[in-house]
Amino acid sequence: MVSDSVRPLAREAQVMPIVSDHDVVLVRRAARELAEEIGIGLVARTKLVTACSELARNVLEHAGGGRASLAVVSPDGARRHGVEVVFADDGPGIGDVERAFERGYSTKRGLGLGLGGSRRLVDDFALSTEPGEGTTILIRTWA
Amino acid sequence: MPNKKKLSARLHDRRDAVLAAWLKDLDGQLDRDTRGFRDDASTILDLLITQCGHAEERWDEAADSLTELARARVAAGFATDETITLVSALRSAALREVAALDDIELLRHLSKLLDVFLRYLVDAYVEARDLVIARQQEDLLELSTPAVKLWDGIVAVPLVGTLDSRRAVSVMESLLNKISETQSTIAIIDITGVPTVDTQVAQHILRTVAAARLTGARCILCGIRPSIAHTMVELGIELSQVETHANLAAAFAAALRSRGLDVRTSDA
Ligand SMILES: Nc1ncnc2c1ncn2[C@@H]1O[C@H](COP(=O)(O)OP(=O)(O)OP(=O)(O)O)[C@@H](O)[C@H]1O
Ligand SMILES: [Mg+2]
């Protein structure tokens with residue numbers, strides 16, 4: 001089992017299902033709204049939204065569906081705000097995590113850029129997966 | 001089951017009366033001419049009578065016929081509330097005829113049958129409508145992704161909105177058709193209106209570029225906003241094979257130039 005510390009800061013989150021293409025769009029939109037709400041700049045916001053798009057689509061394509069939990073978090077009182085999104089599925093899990101992050105590695109004729117790229121697009125990234133149990137990925141972008 | 005026989009016999013005997021009552025009721029309630037509906041109405045009624053006589057519950061045949069009828073209603077422009085009026089009018093007409101027999105069991109049986117029957121009819125109707133809506137959406141899809149000819153040998157497609165797989169395929173088709181129809185050698189893809197470019201969108205663009213190349217046309221990409229450019233670089237999307245320009249104007253100017261044309265302010 002591979003497990004970085006997937007430890008959400010959010011105590012409450014907006015949970016959205018990911019079972020169709022349209023749900024990916026909705027998750028993207030919700031993330032964009034939260035990022036705007038806490039004043040994340042255009043470039044960081046676009047990166048966060050794109051990471052959400054990649055991870056949500058991975059849930060859909062490689063795990064047959066799952067959910068995203070979105071929240072605004074502020075760990076040190078109200079001084080710092082961030083958008084936190086946790087993608088969780090009960091799919092097959094990622095067998096070889098290291099390879100999955102590699103540029104060009106795809107089991108579904110994709111470009112194989114989504115997972116590794118997402119990690120570069122956000123401030124915090126944590127992944128936990130176990131074969132047969134599913135995958136959970138947490139991302140955060142700070143304002 | 002004697003009940004069923006009795007029921008179907010009664011409706012069979014009173015068929016014309018039920019039909020007349022039904023249509024009369026409809027004439028009063030619907031704003032449209034029901035004459036065109038007469039044939040359908042008798043078909044529906046006969047289905048119901050047959051269904052009453054069936055020893056066991058077999059609905060496939062009735063369901064198929066109802067689906068066909070519902071399609072015809074939808075094609076004729078029947079609205080949802082009109083369909084509901086239509087089925088509830090049948091319900092009262094049939095129940096009225098059987099109520100005259102003063103047999104509560106029979107009435108209950110018919111009412112149960114009608115419930116299932118009407119549900120099939122409404123389901124079939126809704127399904128037919130969904131089909132029409134889906135088709136309209138597809139039409140809209142095509143409309144919203146028109147490739148246009150800008151100049152002899154130059155076509156462009158402005159992409160606007162979320163580029164999901166379905167839309168991406170339709171964009172690609174529209175562009176390739178336009179290329180061959182106009183015998184163009186340059187195709188401009190403008191993504192100014194695309195809010196998110198992820199690996200899926202990138203893959204669709206790259207596929208379109210490759211397909212265009214096979215038909216002998218070169219693609220020029222434009223309208224990549226700075227924030228999206230940053231994101232694409234971070235994601236690792238490789239577009240170095242594709243000529244890119246800041247905006248449509250620059251792309252068009254480059255396209256004209258490469259066809260040996262020059263844009264100048266006239267001397268006059
Ligand atoms: N949630 C998941 N569950 C199971 N396997 C996954 C999941 N996410 C990613 N993977 C595996 O990791 C591989 C790499 O993912 P990545 O997103 O980088 O590429 P991709 O989805 O195949 O293509 P794309 O570049 O279009 O995203 C996938 O092909 C898949 O095998
Ligand atoms: Mg992916």
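## Polar contacts of ligand 1

An oxygen atom of ligand 1 sits 2.8 Å from a polar backbone atom of A:Leu113.

A polar side-chain atom of A:Thr107 is 2.5 Å from an oxygen atom of ligand 1. For A:Glu54, a polar side-chain atom lies 3.4 Å from an oxygen atom of the ligand.

## The shell around the ligand

How many residues lie around ligand 1? There are 18. A:His62, A:Ser106, A:Thr107, A:Gly112 and A:Leu113 come nearest.

Sort the shell by class. It has 10 polar residues, six nonpolar ones and two charged ones.

Which chains take part? Residues from chains A and B surround ligand 1, so the site is shared between chains.

## Where the site sits

The space that ligand 1 takes is the largest pocket. Two helices of chain A, H2 (42-63) and H4 (114-121), each supply at least two residues of the shell. H2(A) gives the largest share, three residues.

## How confident is the prediction?

Start with the whole model. Its ipTM is 0.90 and its pTM is 0.69.

Now take the chains in turn. Chain A has a mean pLDDT of 94, and 97% of its residues reach 70 or more. For chain B, the mean pLDDT is 85, and 94% of its residues reach 70 or more.

Where in chain A is confidence lowest, and where is it highest? Strand E1 of chain A (residues 2-3) is lowest, with a mean of 56. Strand E4 of chain A (residues 82-89) is highest, at 98. Where pLDDT is low, the predicted coordinates should not be read in detail.

Note on methods: Residues are numbered from 1 along each chain as its sequence is written. Chains are lettered from A and ligands numbered from 1 in the order in which they are written. This is a predicted model: local features need pLDDT of at least 70, side-chain atom pairs count only at pLDDT 80 or more; totals for chains, interfaces and linings use all residues. Side-chain values use heavy atoms; hydrogens and water are left out. A residue is near a molecule or strand if one of its heavy atoms lies within 4 Å of it. A polar contact is a pair of N or O atoms within 3.5 Å; within protein, one must be able to donate a hydrogen and the other to accept it, and residues adjacent in sequence count only if both atoms are side-chain atoms. On a 1 Å grid over the protein atoms alone, a cavity is a set of points where a 1.4 Å probe fits but cannot get out, and a pocket is an open set with protein on both sides within 12 Å along at least five of seven lines; lining residues have an atom within 4 Å of a point. A molecule sits in a cavity or pocket if more than half of its atoms lie within 2 Å of its grid points. Helices (H or I, at least four residues) and strands (E, at least two) are DSSP runs, numbered from the N terminus. Ala, Val, Leu, Ile, Met, Phe, Trp, Tyr, Cys and Pro count as nonpolar, Asp, Glu, Lys and Arg as charged, and the others, Gly among them, as polar. pLDDT is the predictor's confidence in each residue, from 0 to 100.
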